[in-house]
Amino acid sequence: AYITVYYTDEHPPTYATWRFTVKAEVFEHVALGDSFAAGEGNPDYIDEQKCTYRVGWGPFGYWETDMCMESKEDIDFMCHRSQENWPNKVYTEAYQDYLETEATWYAADGKLNFQACSGATATQVVVATYPRLFDGSGRNPFDCGALNNYFSSEERAWINEMSDTMAGVIWSQAPKSGLIVADTRNYFSGRGVCSPDESAINGLMFGRDDEDFSEPIMKVVGLESGSFHPNAAGMELYAQAVNYARLNLVAAIGSSGSASSSVQVATAVQVSPLDYQGADDVNPDWFAGVVDDPESVLSAYSPDVIESVRTTTFVDLYADHKITSSFAGTKCGAVVPNELVPLSADGFAPGSTARVTVTTSADGTTQEVVSAQFTADSDGVLHDELALPGAIKGEYVLMEVSGRNDQGGLAYGNTFL
């Protein structure tokens, strides 16, 4: 935009022009969360590049001979943000509501800021509970077929109880901070794993997320990370639950004219908790040990301990064969004895020293096999190589890094090799 001012009191008249950048209004919807919000288990994933290298079947799975390149220039893809995520469905309906009810001659552009699994934080928030994964209370469960070989009826009941315990914690704490609770459990009733009807939750999924890995080695068919996550139908149910909470919030604000007290609004529009079918469904031990008064717990610790915990941060540690200055690569890879492993980590105080240790696990015992100190650069980034000893054995190698962040607290990260 330009503003021009003409000075008519001068002869001849003069003028001056200023240029301004005008920020357009945007209808932005921010979505955070974990793998349930990301849409894990519902490929295709955002920024995914499929690997085409399965060429045969061997006694332990597919034999892979072609190189699978990195799925993305950085590791954002590892979050498995699905194209079919439920936050996108909520945003689509919310933006449509805005266009139909709020927009007049001018409509703001819509934008979904999708940050699930990224570690981002925000405030004006809808918190969704987890559904019960299995149908039936566990006392009279549906027949789970082959799944009975992996989970007993008692274990399935316990897992469902943990979902209820988690929901109880959310219901007891979220409204205190002005958060809106969207309880998904009723929406998934009759749609869990082992349901005789269409399940909205994935059961055990076998295979491998091969696009996460880069080495052309034989891989044994194993458990996929999408197991026990909502499928496409589950994404729809999550969207319905969150939209219900969102629309009730809009109605509450509209009736009062403002949202001056977010706690009161949150309390007024909470979705009703799960309607239990009978008293026998309620386990009195569900909420045993649940902390509903964190302030009393904190009072048992000295201020320096609380401050130490408060300033602790977790950093991303990458150790792979293709690490670059832009952190390209994956967080895990195969290693061999005597290998020189490139590593990268950020989030440290500039110029501070951090220690990297490697521990192996074999035969039920763990052993630290190597430890080294590295110095963060002026941006707080570690970028170096660590030589592994020749005595590595066991299936898992744990690499850990610890140092000091710019708040003076502990900065810690780890990864498996």
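**Buried charges and their partners**

Mentor: Let us start with D183, which counts as buried because its relative accessibility is 2%. Please keep in mind that this is a predicted model.

Trainee: Which side chain does D183 meet in a salt bridge?
Mentor: The partner is R185, with 2.7 Å from N to O. R185 is buried as well, with a relative accessible area of 5%.

Trainee: And how many salt bridges are there in the whole structure?
Mentor: A search finds nine. One of them joins the side chains of D164 and R132, at 2.6 Å from N to O. This pair links distant parts of the chain, since D164 is in helix α3 and R132 is in the loop between β7 and α3, 32 residues apart.

Trainee: Is D164 buried or exposed?
Mentor: D164 counts as buried, at 1% relative accessibility.

Trainee: What about E307 and R310, where do they lie?
Mentor: Both lie in helix α7, residues 303-310, and they are three residues apart, about one turn of the helix. E307 is partly exposed, with a relative accessible area of 37%, while R310 is exposed at 53%.

Trainee: Changing topic: how many residues has the largest nonpolar core?
Mentor: It has 29 residues, and those with the most contacts inside it are W86, L133, F134, L147 and V193. The elements giving two or more residues to this core are α1 (35-38), α2 (86-101), β8 (180-182) and α4 (232-256). The most comes from α4, with seven residues. In soluble globular proteins, nonpolar side chains tend to be buried together.

Trainee: What does F134 touch?
Mentor: Leaving out residues up to four places away in sequence, F134 touches L147, F151, R156, I159, N160, V193, C194 and F228. There is also a second, separate core of 23 residues, which includes A345, V356, L386 and V397.

Trainee: How many aromatic pairs are there?
Mentor: The count comes to eleven. In one of these pairs, the ring centres of F134 and F228 are 5.8 Å apart and the planes are at 55°, so the pair is tilted. F134 lies in the loop between β7 (126-128) and α3 (153-173), and F228 in the loop between β10 (222-223) and α4, so the pair ties together parts that are 94 residues apart in sequence.

Trainee: Why is the pair of F188 and Y238 edge-to-face?
Mentor: The planes of the two rings are at 70°, with the centres 5.6 Å apart, so this pair is edge-to-face; the cut-off for that class is over 60 degrees. F188 is buried, with a relative accessible area of 2%, and Y238 also counts as buried, at 2% relative accessibility.

Trainee: Last topic: which element has the lowest mean pLDDT?
Mentor: Helix α5, residues 262-269, has the lowest mean at 39, whereas α1 has the highest at 92. The protein averages 75, and 68% of the residues score at least 70. Over residues 62-74 the pLDDT is below 50, although this stretch has 48 contacts in the model beyond near neighbours in sequence. Where pLDDT is low, the predicted coordinates should not be read in detail.

Technical notes. Residues numbered from 1 in each chain as written. Predicted model: local features only at pLDDT ≥ 70, side-chain atom pairs only at ≥ 80, totals over all residues. Heavy atoms only, no water. Core = buried A, V, L, I, M, F, W, Y, C linked by side-chain atoms within 4.5 Å. Buried < 20%, exposed > 50% of the residue type's maximum accessible area, 1.4 Å probe, protein only. Helix = DSSP H or I, 4+ residues; strand = E, 2+ residues; numbered from the N terminus. Contact = heavy atoms within 4.5 Å. Phe/Tyr/Trp six-rings, centres within 6.5 Å; stacked < 30°, edge-to-face > 60°. pLDDT = per-residue confidence, 0-100. Salt bridge = Lys/Arg side-chain N within 4 Å of Asp/Glu carboxyl O.
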